[in-house]
Amino acid sequence: MASTSSRAPSQDQTPSPPRQAFISHATADDGYVAELESFLRAAGLADVFNDAASIQPDDAFWPAIQQGIADSELIVCVISAASSASDWVRREVEHARNLGQRVIGLRIDDAPLPPHFAGVDVVNFSVGRAAEKRLDLSRILRYAPEDLVGRDAEKRLISDAWARALRAEAGRPQLLTFVALGGEGKTSLVAKWAVDELLAKGWPGCEAAFAWSFYSQGTRDQVAASSDAFLKAALDFFAQDDADRAFAASPAGAYEKGQRLARLVGSRRSLLILDGLEPLQYAPTAPTPGELKDQGIAALLKGLAQQSQGLCLATTRYSLPDLKAFRQSTAPEHELKRLSPDAGTHLLTTLGVKGTAPELQATVEEVQGHALTLQLLGSWLHDAHAGDIRQRHLVKLEEADVEEQGGHAFRVMAAYETSFEREGDSGRHALALLRLLGLFDRPVTADCFDALRQPLAITGLTDPLQGLSTPLLNKALSRLESARLLTVHREAGSNTLLSLDAHPLLREYFARQLREQQPDAWRALHGRLFEHLCASTKEGEQPTLEDLQPLYQAVAHGCLAGLQQRACGEVYVSRILKGMGTNGFYSTRALGAYGSDLGAVASFFDLHWHRVSPILSEDAQAWLFGQAAFRLRAMGRLTESIQPLRAGINAEMARSEWHNAALNFSNLSELELLLGEVQAATLDAEQAVTNADRHRKLPFRMLTRPAYADALHQAGLRDEAQTWFRAIEQMQQELEPMFPLLYSLRGFQYADLLLSASERAGWLTVILFQLPSTEDESTHCEELQAVGQRAAQTLGWMVSRMSLLAEALDHLTLARTALFTALLTTTESWAATLNQANCEADAAVAGLRRAGDQSHLPRGLLTRAWLRAITGPHTGPDSAQADLDEAWDIAERGPMRLHMADIHLYRARLFFREANYPWESPESDLAAARALIERCGYGRRREELADAEAALAQ
């Protein structure tokens, strides 16, 4: 007979999970128990005995309960007010204990413990359970099909990722991306999974769920699609307090909003669905194919890939190179393959198509298993030919352009059109509805739909819908919905129409048909939508971003209607910007809506970013070039902003508008400097000075000179740059006697020059422990005190002018003067000076974030990194390394090559003594810094580079 042993298992033996768990609970707690069951199964239990699901509640089920308890190795009792009053729960607990089994109590509310748990330890789950789940998947769930064919493996993949999130498993997928061509079923996949695995099961384990469709926010102009509306809505949804909600409505940049959203989403067990990311990516033909051009989404996805308790599902037509570093770990990417012959055949048969297996499989192969095409083809065969597969030859699939997105689907739609046209009134009603969708790049709201049906009718388009009764309209809508050509969204609990939508490829098909075959009707209908949106929108004096959305749509419709001048003056300038004066530019100044604004500006271009519509006046055309460049730059898309600036310069020079040309040359110089083209920046700044002098007016002459002086400084021509800055400040004193110092950006640039000697000396104390002589210390002290006084004075001016960027730059100058003072001068208040520097650096970084201009933020992060390296911490959250890494993310995307050179230098100088260097090596960073400095002509840093190389050599 085999003997038993009480010996404990060896350390290398892993106990197997219990085979079955038994959950004792009251019926009132069924919702919580369903969630608990999902956790137990995710933890590896083979089975969970839940009497709500396992047996029917009556007196006859007691033997089944007894058996369930006996078979289970884990007994869990849900303790609540309801279960404490339940005799059944008491009997189950007592029976388990009589069998010698341990019962784990989970307390889920504040009701007193029942007698059978008196003196027994229980697990308290009541904290935080009062908060309701936050759920909003409405933008995606309506697209969930009744039956999803051929995607079982992908659904299991998502379920596995979610189960691993419930287990808080290390190294699990935190962001799952599905990549496929349009029409392969990406949206259907994630929507159907959410319906089947979360909604139908009571959202087990999910604390918050939010979905966004970038198709549904408008994707016609993919050059200028943005995350503005999404970030605002998502931040409001995930907000934990009023500060989060205020930040959502603030003018902070998209990058900062994306970062904050990543922290909010990742801090709980959330599900975030981002459907259709490709409008925010560069096209496959671009120099950076697939890369996210929207910094807000880039920051969000990278943040979630690095840290998240939940799961993000993303769909796109293009691979995401931004997440390449995480692809093998927390952010896997999966290509959604075409439907298999068997799956495609099954789809056709479920749609009512009849034919032999070879005929069905041949049809699937003919369209390369494209899900949308098969769905359209199956519906068409069912509607028009009683499902006879032999009639598929009527669709000229062999003539489809296979290189074109939706080529086969377009051929099926052409056949559908022909069928509708032959059906009489009912077919014309359906076809008219579909054609109207081509006017939109988003769901059609009921008010816009009604506006299109108003008199006067447009022949061949809206005339079939004129006077159409509600029953006939609903019949046409139902027919299209049953054929899966249309998604109808109605108000819950009523039959009130809210919106209509169709697959983006179908909208694209009908847009092309209208634009090419009926151009007059195309313009007339867009004009009707323009007038409707202008008249119906009541945005008020201080509109939110949501309030402005109809006006942004009005601009797009107005331009498509040939009403560019009205769209620009009456809507964009007057109502969105609220003017261009001191209190103007409302959308960017108050809301930070650079992306939404860029979308509006892009509407006025015939060719991005080369040609503005000639319908606009010459003044408006030249102005729009500058607006496009400014918004592209603010969004970090620096290389793209070069083209509109150069085009704007050509337009101004052709009109002999020297002052405007001068300003554009100055802006171009600043941009080239950021990109690391120091010589080009110097030459273009010189052109700015030349053209301003041709205009002769002092304000323009002064405004264009700082760019030239700063370019000279960055080139290493310090003395020449200082001569120019002194002359510019004399002009400032003449123009504004009450403000005799250079302020705002030009004031910061001058201060940067004045601090350059102290900056180098400060680095010498850090890397070589080389303290200045007594004479040099005195000189540094005087210079630092003078610069600090300048910054403090101009900061007072800027606070009254409410200039976020200028205030932030003044705080940055004060941080740097305090840091250099602590490093270079003998003072008993060394600690207090460093504390002041830290406070000013924090204020500078926060202010630069609020200002929303990415080009200056790395400067603040670098200064704060230096301070954190002195005062700690070096690594981890809120550390020197964290600031340097964030600065690199921003600079690399630009690419801001001068900032990149600085970051390489900072890394090596601050960390070269660390045993565990956070990056490749100090040597590689210095080598990269040298390569950038030499390539860019960044003479300003040559001395500092030589100092760092000498320190490393020692």
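Author: Start with a term. A residue is buried when its relative accessible area is under 20%, exposed when over 50%, and partly exposed in between. Keep in mind that this is a predicted model.

Reader: What percentage of the residues of the chain count as buried?

Author: Of the 954 residues, 56% count as buried. The chain exposes about 40000 Å². Carbon and sulfur atoms supply 51% of that area.

Reader: How many helices and strands are there in the chain?

Author: The chain has 41 helices and 16 strands. The radius of gyration is 33 Å, close to the 30 Å from the globule rule for 954 residues, so the chain is as compact as a globular protein of that length. Along the principal axes, the C-alpha atoms fill a box of roughly 100 × 85 × 50 Å.

Reader: What share of the contacts comes from residues 24 or more positions apart?

Author: Contact means heavy atoms within 4.5 Å. Take the contacts with a separation of 6 or more: residues 24 or more positions apart account for 71% of them.

Reader: And the charges? How far apart are the mean positions of the positive and negative ones?

Author: The chain has 94 positive and 122 negative charges. Their mean positions are 3 Å apart.

Reader: Now a sheet. What is the order of the strands in the open sheet of five?

Author: Two strands pair if there are at least two bridges between them. The order here is 2-1-3-4-5, with parallel pairing. Strand 2 (47-50) and strand 5 (123-124) stand at the edges. Each has a single partner strand, so one side of each is left without a neighbour in the sheet.

Reader: Which residue is the bridge partner of Phe-22 in strand 3?

Author: Ile-75 is that partner. Strand 1 (residues 20-24) and strand 3 (residues 74-79) are parallel and share four bridges.

Reader: Next, strand 7. How many of its residues are buried?

Author: Five of the five residues in strand 7 (residues 175-179) are buried, so the strand is largely enclosed by the rest of the structure. Look at each face. Leu-175, Thr-177 and Val-179 are buried on one side. Leu-176 and Phe-178 are buried on the other.

Reader: Which residue in strand 10 is the bridge partner of Phe-178?

Author: Thr-315. Strand 10 (residues 311-316) runs parallel to strand 7, over five bridges. Strand 11 (residues 333-335) also pairs with strand 7 in the parallel sense, over three bridges. There, Val-179 has Glu-335 as its bridge partner.

Reader: Let me try single residues. Is Glu-417 buried or exposed?

Author: Apply the cut-off of 20%. Glu-417 has 8% relative accessibility, so it counts as buried. Glu-417 is in helix 16 (residues 407-421). Beyond its neighbours within four places in sequence, Glu-417 contacts Leu-431, Arg-435, Tyr-509, Phe-510 and Gln-513.

Reader: And Glu-541, buried or exposed?

Author: Glu-541 has a relative accessible area of 67%, so it is exposed. Glu-541 sits in the loop between helix 21 (519-536) and helix 22 (545-560). Leaving out residues up to four places away, Glu-541 touches Lys-578 and Tyr-586. Arg-575 is 34 residues from Glu-541 along the chain, yet their C-alpha atoms are separated by 9.2 Å.

Reader: You named Lys-578. What is its phi?

Author: Lys-578 has a positive phi of about 55°, although it is not a glycine. Lys-578 belongs to the loop between helix 23 (564-576) and helix 24 (586-589). With 24% relative accessibility, Lys-578 counts as partly exposed. Ser-744 is not a glycine, and its phi is positive, about 60°. Ser-744 lies in helix 32 (residues 744-754) and, at 22% relative accessibility, counts as partly exposed.

Reader: Last, the backbone. Which residues does the cis peptide bond with omega about -5° join?

Author: That bond joins Gly-872 and Pro-873. Pro-873 is in the loop between helix 37 (857-871) and helix 38 (880-893). Trp-609 is placed in the loop between strand 15 (605-607) and strand 16 (611-612).

How values were computed. Residues numbered from 1 in each chain as written. Predicted model: local features only at pLDDT ≥ 70, side-chain atom pairs only at ≥ 80, totals over all residues. Heavy atoms only, no water. Helix = DSSP H or I, 4+ residues; strand = E, 2+ residues; numbered from the N terminus. Rg over C-alpha atoms; globule rule 2.2 N^0.38 Å. Buried < 20%, exposed > 50% of the residue type's maximum accessible area, 1.4 Å probe, protein only. Areas by Shrake-Rupley, 256 points an atom, 1.4 Å probe, with all protein chains shown as cover. Lys, Arg positive; Asp, Glu negative; His and termini not counted. Charge placed at Lys NZ, Arg CZ, Asp CG, Glu CD.
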